[in-house]
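Here is a brisk report on a protein model. It covers a pocket, the nonpolar cores, an annotated span and some loop residues.

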Amino acid sequence: MTTAPSRVPTLPVHRFFVDRWSPRAYDGSAMTEETLLSFLEAGRWAASAYNSQTWRFVYALRGGPDGGAAWERFVSYLVPFNQSWAGSASALVFVLSATTMVPPGKTDPVPAPTHAFDAGAAAAQIMLQATASGWAAHAMSGIDHDAIRAGLGVPQDHAIHAAIAIGRQAPADTLPEGLRARENPSDRLPLSQIAFAGHFGGVRS
């Protein structure tokens with residue numbers, strides 16, 4: 001489980017949320033499919049508009065039953081910068097979502113305006129469950145959308161959002177030299193810069 005003792009929240013929150021961060025150093029530990037599915041199970045229970053559950057997850061495990069071919073293919077779908085560190089993770093999960101849904105009481109699909117929001121909620125729960133289970137997770141937007149769509153057979157009515165690397169955290173000195181100094185929990189903007197009462201940006205004068 002990640003820890004971030006340097007982080008100090010300004011208001012009381014559960015320490016679990018403050019200690020979760022996104023390392024890049026992983027030790028390549030083997031992960032069972034059952035373990036990964038337990039993280040995805042947490043994502044399954046996320047909230048969604050009309051309970052539409054538009055999220056979808058496509059995953060590969062390092063050293064899987066195919067001799068690692070799927071793993072190498074999944075790593076190749078990341079941009080080169082992310083390939084340089086995520087190849088040492090234990091699992092890669094691509095987060096997708098259906099862009100349409102069938103509303104309650106209807107039979108025809110309609111656009112799902114919150115599909116990305118709902119998939120993000122599910123992804124957050126996956127990463128939190130991984131953290132609670134003693135693993136670490138790092139979400140990435142640096143992915144090759146075209147290669148993923150073709151290589152994973154993603155339908156055109158599904159959006160591709162991000163990848164999540166999951167693994168056992170390793171020391172920073174296992175990273176490529178240029179990444180070691182960045183292997184620290186990041187800070188956050190003050191709440192006053194992101195939360196406003198009554199009007200965006202604060203009280204209207």
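A pocket is an open set of points on a 1 Å grid over the protein atoms alone, where a 1.4 Å probe fits and protein lies on both sides within 12 Å along at least five of seven lines. Lining residues have an atom within 4 Å of a point. A volume is the space filled by probe spheres set on the points, with grid points joined across faces, edges and corners.

This is a predicted model: local features need pLDDT of at least 70, side-chain atom pairs count only at pLDDT 80 or more, and totals for chains, interfaces and linings use all residues. Residues are numbered from 1 along each chain as its sequence is written, and side-chain values use heavy atoms, without hydrogens or water.

The largest pocket holds about 600 Å³ of space. It is lined by 19 residues, and Val-8, Pro-9, Thr-10, Arg-188 and Leu-189 are the closest to its centre. The lining has 12 nonpolar, three polar and four charged residues. Pro and Tyr count as nonpolar here, Gly as polar, and Asp, Glu, Lys and Arg as charged.

**Cores.** A nonpolar core joins buried Ala, Val, Leu, Ile, Met, Phe, Trp, Tyr and Cys residues through side-chain atoms within 4.5 Å. Buried means under 20% relative accessible area, exposed over 50%, partly exposed in between (1.4 Å probe, protein chains only). The largest core has 27 residues. Those that touch the most other members are Leu-78, Trp-85, Leu-92, Phe-94, Met-140 and Ile-148. Elements that each supply at least two residues include helix H3 (69-76) and strand E2 (91-98). H3 gives the largest share, four residues. Helices (H or I, at least four residues) and strands (E, at least two) are DSSP runs, numbered from the N terminus. A second, separate core has 20 residues, among them Trp-55 and Val-95.

**Annotated span.** An unreviewed UniProt entry places "domain: Nitroreductase" at residues 19-168; such annotations may be inferred rather than shown by experiment. The span is 36% helix and 23% strand, and its end C-alpha atoms lie 15 Å apart.

**Loops.** Gly-28 sits between helix H1 (15-19) and helix H2 (33-44). Its contacts (heavy atoms within 4.5 Å) include Arg-62 and Ser-88, not counting residues up to four places away in sequence.

| Residue | Relative accessible area | Class |
|---|---|---|
| Gly-28 | 24% | partly exposed |
| Tyr-50 | 59% | exposed |
| Asn-51 | 54% | exposed |

Most residues other than glycine have a negative phi. Tyr-50 has a positive phi of about 55°, and phi of Asn-51 is positive, near 55°.
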